[in-house]
Amino acid sequence: MSHRSERRGIHVDQSELLCTKGCGFYGNAAWQGLCSKCWREEYQQTRHKQIQEDHALAERLQKEEEAAYANNHQGAAQPQPAIAPFSKFEERKTKEKSRKVNTMTKFFTPSAKTPPKKESVPGEALTTPSPSVSRKPLETDRTTREFIDFLKTLKPGREIFKQCRAFTESMAYKRDLGADELSECVQDFYQNLSDRLHTHFKGSSERVESVMDEVERYMMTRLYEEVFCPETTDDEKKDLAIQKRIRALHWVTIEMLCVPVDEEIPEVSDNVVKAITDVIEMDSKRVPRDKLTCITRCSKHIFNAINTTKKEAASADDFLPTLIYIVLKANPPRLQSNIQYITRFCNPSRLMSGEDGYYFTNLCCAVAFIEKLDGQSLNLSVEEFDLYMSGQASPQRPQAVPSPACSAAFSQMNESLDLLTGLGVRQERVMEGARRLESDLIDWRDGVEHKVQDVLERFPLEMHPPASPTASSAIDADNVENDHLPSPLQPQLFAG
């Protein structure tokens, strides 16, 4: 294997993070390098153009069908009945697509055709959630109560809650729409509500942002199950692909990425662990803003690790390689689904500017870099990269120069190992003595048993039956004086 003395770090110019249209906001790879504002404009123009082309094509096909029918049936007074429904279908389709643009206007404009409803008690809309809300999980109920408490402090709070609830309930009938269409509906709602809030608060951006944050939390908590990784997308397939890719790159080292982080320093190691934990925790959150908060916390831990290692302020060229290293070590679950979810349903102002937008854009760049990672990016030859990817070889990790603290720790560890070795020798001696004692006891027991058996064989025990009364009388028969002996004493009872 060849070793290179010169290393080339990962460099991304800050201008590459911005929108390609030059509006000054952060771009996104999912939006072809555009910011959310420019992407929505491009998307709407493309959809409008596609609608016009579909309508023109439908009209042309209808005219061709009518002409062919007229040529084949000269005496017919009416065109073929099947053509009219086709024309009406295309007309209804065009009207439905164009009606999506004005969806939010209808939400905020009372309709004269709306049937009269029961008069509600003042404050009822802000105190009693709808039955559909009560059937949601516990987290959804808690979020609804918090949203209601927040809106009670606002004058238009009741109207905001009614529109948010109506919109989330209407989304239940749009599950068959694609992810882009769902995103467009939500973003249209955000934009129209933000415009109305700006008019109400007379340009107070901070108050508008606080209200929009709570609106996003309430809506996306209720819509999470329907819009996160929907079946109409290939998000799950992308998740599996990026996870497999990261597992295959497990051999990538800090030195290959030129990461300015020394994990031997305890404080740096703690920050690295916290950064990994934060980026993994992103998947457990339901609100796009909360997921962005996890990314921001992860990035700040990365900056702390770099600052501690370098003892100076970290630069953007230091941050991106370290973020790539953290993503490779963490291998976050459902990474692509979370990125797409944030891109589609987050408040666009957070992605276009601010630290949240900056860190999220860098995360997208890190994922794109991992997907396209090759030997040249790591200063490796094609042969080396292929060997490492196939698992046939592993890179040699350089030997680090131990610090004085590490040397003292190694010395103490060696002393402890020597002590353990001595204790092991002593234990072996004790065990050997115990084994000899056990063997001696067994031999002594066998010897005693052998001697007892030998004595029993030499001197067998003879058992004689007891003497009978007749024999006892015969023994005393020779004693002549027995006849003159007094009779035996008999026990007597004395009355006391």
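**Notebook: burial, cores and aromatic pairs**

At 0% relative accessibility, I find that Phe 189 counts as buried. I note at the outset that this is a predicted model.

**Entry 1**

I then looked up Phe 167 together with Phe 189: their ring centres are 4.6 Å apart and their planes lie at 25 degrees, so I record the pair as stacked, the cut-off being under 30 degrees. Phe 167 belongs to helix α6 (residues 157-170) and Phe 189 to helix α7 (residues 179-200), so the pair ties together parts 22 residues apart in sequence. Phe 167 is buried, with a relative accessible area of 0%.

**Entry 1. A tilted pair across the chain**

I next examined Trp 251 and Tyr 388, which form a tilted aromatic pair, 5.0 Å centre to centre with 50 degrees between the planes. Trp 251 sits in the loop between α9 and α10 and Tyr 388 in helix α17, so that this pair links distant parts of the chain, 137 residues apart. I checked the accessibility of both partners. Trp 251 has 4% relative accessibility and counts as buried; Tyr 388 is buried as well, with a relative accessible area of 6%.

I also noted one aromatic cluster, formed by Tyr 224, Phe 228, Tyr 341 and Phe 345.

**Entry 2. The nonpolar cores**

Which residues have the most contacts inside the largest nonpolar core? I find Trp 251, Val 252, Leu 257, Ile 326 and Leu 378, in a core of 52 residues. At least two residues of this core come from each of α9 (235-248), α10 (254-257), α11 (266-281), α12 (288-310), α13 (316-330), α14 (335-345), α16 and α17 (382-390). Apart from this core lies another, of 30 residues, and I list Phe 189, Phe 201, Val 208 and Met 220 among them.

I followed the contacts of Ile 326. Leaving aside residues up to four places away in sequence, Ile 326 touches Val 272, Ala 275, Ile 276, Val 279, Cys 298 and Ile 302.

**Entry 3. Cysteines**

How many disulfides does a search of the whole structure find? The search returned zero. Cys 298 is in no disulfide, and the nearest cysteine sulfur, that of Cys 294, is 9.3 Å away; a disulfide would require the two sulfur atoms to be within 2.5 Å. I looked up the accessibility of Cys 298 and found 2%, so this residue counts as buried, the limit being under 20%. Cys 346, at 1% relative accessibility, counts as buried too.

I took the span of helix α16 (residues 354-371). Its 18 residues reach 26 Å from the first C-alpha to the last, close to the 26 Å expected at 1.5 Å a residue. Is α16 mostly covered or mostly uncovered? I record α16 as mostly covered, with 13 of its 18 residues buried.

In helix α17 I looked up Glu 384. Glu 384 counts as buried, at 4% relative accessibility. A polar atom of the Glu 384 side chain lies 3.1 Å from the backbone nitrogen of Ser 381.

**Entry 4. The chain as a whole**

I closed with the totals. The secondary structure comes to 19 helices and zero strands. Of the 496 residues of the chain, 35% count as buried. Among contacts between residues at least 6 apart in sequence, 73% join residues at least 24 apart.

Definitions and conventions. Residues numbered from 1 in each chain as written. Predicted model: local features only at pLDDT ≥ 70, side-chain atom pairs only at ≥ 80, totals over all residues. Heavy atoms only, no water. Buried < 20%, exposed > 50% of the residue type's maximum accessible area, 1.4 Å probe, protein only. Helix = DSSP H or I, 4+ residues; strand = E, 2+ residues; numbered from the N terminus. Expected span 1.5 Å × (residues − 1). Core = buried A, V, L, I, M, F, W, Y, C linked by side-chain atoms within 4.5 Å. Contact = heavy atoms within 4.5 Å. Phe/Tyr/Trp six-rings, centres within 6.5 Å; stacked < 30°, edge-to-face > 60°. Polar contact = N/O pair within 3.5 Å; in protein donor to acceptor, adjacent residues only side chain to side chain.
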